[in-house]
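Open the model in your viewer and keep the selection tool ready.

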Amino acid sequence: MADLGTNPGLKDRMGRPCHDLRISVTNRCQFRCRYCLPAEHVDVMRSQSASENKLSFDDITRIVEAYAELGVNKVRLTGGEPLLRKHLPQLVKSLKSIKGIDDLAMTTNGILLPQILDDLIKAGLDRVTISLDAIDDDLFAHITGTQHRAKDVLDVIDLCLASRLKQVKINTVIQKGINEHQVVPILEHFRGTAAVVRFIEFMDVGTLNQWHETQVMPSHAVLDLIAQHRPFHSKHPLKSGEVAKRYGFDDGQEEFGLISSVSQPFCGDCDRARLSSDGLVFQCLFASQGHDTKPHLDDPVALKEHINQWWQHRDDQYSVLRQKKDKHHPLPKIEMFVMGG
Ligand code: SAM
Ligand code: SF4
Ligand code: SF4
């Protein structure tokens, strides 16, 4: 491959660097979470997956090489459900060998993880984030639209905590009136473990989840619930661009986090790009259009130039505009299971 030189100083129009690339390796998912892929809209996933012109692992590797030269050092595999993509350890190995990529993580619903966890770790996976919105079995089944029990995912999390992974995080999306009563039980469940639970505000991503702002449980209300249970203190961010505010309990080592995309947008620090499984680059979770990498896959210089230009033109800050009640959003949104969460 040609030597493209490096440009770690790449900045968008708002001066934001590009450090973090999230890769959706498939649109498909076996869960039907009501806030992401409600069962009644599964035809949307099926129609998109049928025509899914998936990038090969070689294509993805080429794109990550270009991003790494532009300053990306963190990669996260996601989807859809990333573990539905076959032979994932091969991709992990290939991405981990790219110069500059020093953190490789995956977000997953966890169900398929036990069969493949060892191979993923051997291949170089550093960290996992597992989604868990309820610890109560009936509520878990209701939210995820599956027959699985919360216990199935809790067992997987235990397996991860006992493994050589560097970090295990739990993503918990809080929907007001649905699962805020799970906040304390979830924290209690992970008391004394190294798991980092992050409570995420329900977002208006995509078009299928009937989002309304009254369903958002603002982070300050989640903190109130936790404060009634156990005293905590805030912790300093480890680096700029960190989306979660970090907290630690006064009487223990555990850490938890809050991701307040709706009530306290963090667009000013957003250093993330997303790559869909069919090769489109989205520079914001709420972008209406992606930039197509496919025409440039055989030309590393052109690929890097395009990626460079797309980022330099980026001015997305949807969550800030949402908060200002700027309803101007001219084009349809893309579903999260397509773009990669
Ligand atoms: N299937 C995997 C999983 O669920 O972990 C990875 C993809 S999923 C789209 C990534 C993350 O996005 C999950 O933690 C999920 O809870 C979160 N998510 C999906 N829709 C959301 C929404 N409307 N608001 C906030 N978070 C959402
Ligand atoms: Fe699937 Fe993840 Fe979306 Fe749930 S949040 S439907 S597990 S992609
Ligand atoms: Fe980043 Fe877009 Fe989310 Fe703002 S709204 S934090 S720019 S992904």
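Two notes before moving on. This is a predicted model, in which local features need pLDDT of at least 70 and side-chain atom pairs count only at pLDDT 80 or more, while totals for chains, interfaces and linings use all residues. Residues are numbered from 1 along each chain as its sequence is written, chains are lettered from A and ligands numbered from 1 in the order in which they are written, and side-chain values use heavy atoms, with hydrogens and water left out.

**Stop 1**

**Stop 2: ligand 2**

Apply the selection to ligand 2. Around it are Cys-29, Phe-31, Cys-33, Cys-36, Leu-37, Gly-80 and Asn-109. This shell divides into five nonpolar, two polar and no charged residues.

**Stop 3: ligand 1**

Now go to ligand 1. Of the 19 residues around ligand 1, the nearest are Tyr-35, Gly-80, Ser-131, Asn-171 and Met-203. By class, the shell around ligand 1 has seven nonpolar, ten polar and two charged residues.

Look for polar contacts next. These are pairs of N or O atoms within 3.5 Å; within protein, one must be able to donate a hydrogen and the other to accept it, and residues adjacent in sequence count only if both atoms are side-chain atoms. An N or O atom in the side chain of Tyr-35 is 2.9 Å from an oxygen atom of ligand 1. A polar backbone atom of Thr-108 is 3.2 Å from an oxygen atom of ligand 1. For Ser-131, a polar side-chain atom lies 2.6 Å from an oxygen atom of the ligand.

Ligand 1 taken alone exposes 550 Å², and the protein buries 95% of that. Accessible areas come from the Shrake-Rupley method with a 1.4 Å probe; for residues, only the protein chains shown count as cover. Strand E3 (103-108) and strand E5 (167-174) are the elements that give two or more residues to the shell around ligand 1. Helices (H or I, at least four residues) and strands (E, at least two) are DSSP runs, numbered from the N terminus.

**Stop 4**

Ser-131 is partly exposed, with a relative accessible area of 25%. The scale is: buried under 20% relative accessible area, exposed over 50%, partly exposed in between (1.4 Å probe, protein chains only). Leaving aside neighbours within four places in sequence, Ser-131 is in contact (heavy atoms within 4.5 Å) with Thr-107, Thr-108, Asn-109, Val-153 and Asn-171.

Step across to Thr-107, in strand E3. Is it buried or exposed? Thr-107 is buried, at a relative accessible area of 14%. A polar contact of 2.9 Å joins its side chain to that of Arg-76.

**Stop 4: helix H3**

Select H3 (residues 88-96). Leu-88, Pro-89, Leu-91, Val-92 and Leu-95 are buried in this helix. Seen down the axis of H3, these buried residues fall within an arc of 155 degrees, so they line one face of the helix. The arc is that of the directions from the helix axis to the C-beta atoms. On the other side of H3, Gln-90 and Lys-93 are exposed. The buried residues of H3 pack against strand E1 (20-24), H2, strand E2 (74-78), E3 and helix H4 (117-123).

Pick His-87, in the loop between E2 and H3. His-87 is not a glycine, yet has a positive phi of about 60 degrees.

**Stop 5: Asp-59**

Move to helix H2 (residues 57-69), where Asp-59 sits. Asp-59 is buried, with a relative accessible area of 16%. A polar atom of its side chain lies 3.0 Å from the backbone nitrogen of Ser-56.

**Stop 6: Leu-159**

Finish in helix H6 (residues 150-161), at Leu-159. Leu-159 counts as partly exposed, at 39% relative accessibility. Leaving aside neighbours within four places in sequence, Leu-159 is in contact with Pro-114 and Leu-117.

Notes
Near = heavy atom within 4 Å. Nonpolar A, V, L, I, M, F, W, Y, C, P; charged D, E, K, R; others polar.
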